Amino acid sequence: MTLPRPRPTPADLAQPRPISAVRPARRAPSTSRRDALRALAAGIATALAATGTGCARRAADGRRVGSLWFAYGGKNREVLLGLVDRFHAAQSRYRIEPTYQGEYFECLAKLRTAIAARSAPALTHVVGEVVPYLAEAGVLEPLSRILPGGAEDLDIVPALGQQGTFLHGADRPLVCLPFNRSTPIAYYNRTLFQQMGLAPPTTWDALRTTAQALLVRRGADTVRWGFGCPVDWWFWAALVGQAGGNVVEPNGEVTLGGEAGVRALRFWQTLVHEDRTMKPPPGRDYNAWQAVNTDFLAGKVALIWTSTAFLRYLEDNAAKGSGAFEVGAAPLPRGVRASVPTGGTLFVMPRGAAPDAQEAAAAFLRWMMEPEQANHWATQTGYLPVSRGGLDLLERQGFYAAHPNDRVAVDQLAVAAAWPWSPALFRVQREAVQPRLEEAVLVPRDAEAALDEARRAAREP
Amino acid sequence: MNPRHAWHPYALLLPTAIFLGVFFLLPLAIAAKDSLYAWDLLTPPVWVGLDNYRALFRSGELVGTLARTLGYSAVVVLLSGALGLLLAVTLDRPGKVFAFVRGAVFSAYVVSWVAVALLWMLILDPDGILSAALRAIGLPGRAWLADPATALWALAGVSVWKITGYAMVIFLAGLQDIPRSLYEAAALDGAGPLRRFRHVTWPLLRPTVAFVTTTSLILSFQAFDVVRVMTQGGPVRSTTIFVYAIYEHIFMNLRVGRASALCIVFFFLLLALTAIQLRVMRGAAPREHARSRAR
């Protein structure tokens with residue numbers, strides 16, 4: 001009796017074999033070609049299996065693998081990858097495969113395409129304004145069902161999680177958990193401020209006079225600008241809040257702040273065109289944000305507004321080189337009141353990943369919500385600690401006493417203005433408001449007319 | 001040679017027809033269908049009829065994008081063609097130095113768009129080489145890419161720099177097809193360099209000019225990388241040209257329907273421009289037509 005020959009597995013076929021093994025004595029060329037084709041097909045199948053995020057698979061060491069798409073470069077990327085390594089060292093059951101997918105908007109574009117193509121990652125993170133849109137589309141997994149042990153015991157800082165964000169959303173299932181949450185803060189060149197005897201401005205008027213004092217012109221050229229800020233919806237929302245308005249009313253109506261919105265926009269116009277103390281940054285989206293950071297580090301702008309996310313990056317890089325200076329952080333100034341929006345991203349688990357991959361991602365997500373990891377992430381980057389227990393721990397350990405710059409964003413949470421999450425929020429931001437802010441500030445164009453047009457565009461389906 | 005069966009020519013055409021059908025006509029038909037829906041890739045599409053087209057017209061976006069694209073293309077095609085011709089005529093002579101300069105000019109064309117864009121971002125920065133040079137001669141520097149009045153022309157300038165080498169090489173090939181005897185005869189008749197160019201070079205180079213114009217036009221209409229890297233369509237949409245507008249609608253604004261409507265308009269625009277170009281190209285070679293008719 002002859003035993004049946006075991007069928008080769010795709011892995012066997014992909015392995016190089018001795019020529020004698022693949023080439024029988026007769027009809028050598030055709031068999032060899034067939035084997036080569038088989039090997040090729042097996043190779044493609046193996047590669048597809050390896051890249052298909054929707055397929056379940058195990059790592060070589062037998063761990064369940066879950067993919068994580070992230071959107072950070074630089075320092076924040078290093079810290080995240082370090083945390084993933086720690087997760088692998090802390091347990092032996094799961095492996096997370098992090099993949100950089102470009103900045104937030106690029107990552108989101110890829111995520112939407114991947115969801116449509118049913119190859120979504122098990123875990124990713126998106127900006128807050130996008131969560132209601134994805135939730136409405138029904139493409140997010142309810143986390144309380146998927147997280148090991150449920151989500152009830154997660155001790156999240158209330159201002160930073162999903163609680164109270166969705167429009168009419170008291171009964172919404174939990175679909176997101178905070179990851180890198182932030183507020184805008186002011187950064188100033190402390191060395192220069194001390195030399196000039198200046199203090200960070202606390203009101204809009206003080207911002208104008210401080211920026212004027214910091215300005216250095218040589219002929220028609222500006223050697224040092226007094227103020228820099230990306231002409232971006234997030235910072236405008238801060239100004240609207242400070243002017244006493246809401247971008248979106250609690251009932252979900254998109255008013256863009258009404259009169260307060262116009263005052264906010266006119267304040268920027270004044271700084272750019274009348275005082276000529278604010279440098280309008282080149283580029284759009286996060287290119288403009290990066291340009292503001294670069295100008296600040298190069299000493300071309302003495303005072304900027306940007307996210308608390310860049311705290312460690314700016315501190316570390318300002319301390320290097322010949323023009324080294326000390327970075328100070330300060331809360332944003334008041335208009336008629338103090339107000340800042342929260343920003344940053346939240347973890348979501350898109351539908352469609354294999355159960356094993358989701359299990360791995362959920363384990364990682366829960367681990368990241370623990371005070372130790374949440375605090376490591378926050379203290380290494382500048383983002384806000386999302387765990388309430390973790391935040392208390394940092395206070396008790398004296399972290400904020402030793403790092404007053406880190407304290408600014410945490411204190412600002414007391415005046416954080418939440419905007420109701422409606423599914424249209426993302427489109428209102430990207431399509432209706434953002435281009436018109438640029439137009440009003442850079443062209444320039446009448447603030448009231450620009451915002452009227454933005455309101456009309458926001459109502460468009 | 002006659003085919004053995006009447007269907008043979010069609011069978012030979014089939015692979016190309018299938019390729020074109022699957023990768024060109026089918027996507028075009030899908031885009032035409034999608035342009036009648038509001039769709040964001042994730043939620044079910046909603047029938048909106050011609051609303052996407054109406055919204056593009058009413059918001060002024062279509063006219064604005066069209067004007068910017070045509071302006072950008074006109075500058076790129078005319079300047080790169082004129083510079084390419086000038087360089088070709090100047091450098092069409094033997095010698096290692098000329099060969100080196102020809103190679104150097106063409107080298108820009110082979111460098112990737114992203115590398116070129118990054119290089120020019122450094123040059124066009126308010127503290128970059130260009131502004132420093134202007135300051136050195138007493139003129140003020142400028143933020144070329146941050147000013148809505150200059151950004152599009154700065155991008156057009158970068159594209160001209162990049163594709164002039166291509167135009168030059170095609171013109172050089174065209175020049176080498178012109179018989180030297182014609183120049184000698186014109187010189188014997190007392191024609192100077194300018195008259196030789198006007199009466200010999202230019203008429204015989206017209207088909208090449210039409211070819212360079214068509215291909216540069218297509219290249220300029222396809223511009224995306226340079227916008228994506230250098231300005232992301234800004235400041236204030238001043239550099240949002242056609243392909244970038246389509247990209248922004250579909251990937252940033254989540255509007256597949258509106259992006260598809262732009263694709264369809266873009267298709268008909270290119271079709272019209274190509275038809276005009278073909279007429280010009282046919283008109284550019286009257287003698288060959290006459291010769292073929294005489295046969």
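Modeller: Happy to. Two strands count as paired if DSSP finds at least two bridges between them, and the strands themselves (E, at least two residues), like the helices (H or I, at least four), are DSSP runs numbered from the N terminus. This is a predicted model, in which local features need pLDDT of at least 70 and side-chain atom pairs count only at pLDDT 80 or more, while totals for chains, interfaces and linings use all residues. Residues are numbered from 1 along each chain as its sequence is written, and chains are lettered from A and ligands numbered from 1 in the order in which they are written.

Let's begin with strand E5 of chain A, residues 184–189. On one side, five bridges link E5(A) with strand E10 (residues 303–307) of chain A, and the two run antiparallel; here Ile185(A) has Thr306(A) of E10(A) opposite. E5(A) also pairs with strand E11 (residues 327–330) of chain A, again in the antiparallel sense, over four bridges. In that pairing, Asn189(A) stands opposite Val327(A).

How covered is E5(A)? Six of its six residues are buried, where buried calls for 20 or more other C-beta atoms within 10 Å of a residue's own, exposed for 12 or fewer, and partly exposed lies in between, with C-beta atoms placed from the backbone. In a regular strand, side chains alternate between the two faces of the sheet. Both faces of E5(A) are covered: one side holds Pro184(A), Ala186(A) and Tyr188(A), the other Ile185(A), Tyr187(A) and Asn189(A).

Strand E1 (residues 64–70) of chain A is mostly covered too, with seven of its seven residues buried. One face of E1(A) carries Arg64(A), Gly66(A), Leu68(A) and Phe70(A), and the other has Val65(A), Ser67(A) and Trp69(A). The pairing of E1(A) with strand E2 (residues 94–100) of chain A is parallel and made of seven bridges. Within it, Val65(A) has Arg95(A) of E2(A) as its bridge partner.

Now to the helices. H19 (residues 425–442) and H20 (residues 447–459) of chain A pack at about 165°, with axes 9 Å apart; axes are lines fitted to C-alpha atoms, for helices over the stretch in contact, and angles run from 0 to 180 degrees between N-to-C directions. H19(A) and H20(A) are therefore roughly antiparallel (over 145 degrees; under 35 is roughly parallel, 65 to 115 roughly perpendicular and the rest oblique). Among the residues that meet are Val428(A), Val433(A) and Arg436(A) from H19(A) and Leu451(A), Glu453(A) and Ala457(A) from H20(A), contact being C-beta atoms, placed from the backbone, within 7 Å. This contact divides into 10 nonpolar, no polar and four charged residues (Ala, Val, Leu, Ile, Met, Phe, Trp, Tyr, Cys and Pro are nonpolar, Asp, Glu, Lys and Arg charged, and the others, Gly among them, polar).

H19(A) comes back where chain A touches chain B. That contact takes 25 residues from chain A and 21 residues from chain B. Helices H5 (104–116), H12 (285–297) and H19 of chain A are the elements giving two or more residues to chain A's side, and H19(A) gives the most, with seven residues. By class, chain A's side has 13 nonpolar, three polar and nine charged residues.

Technical notes. Contact = placed C-beta atoms within 7 Å.
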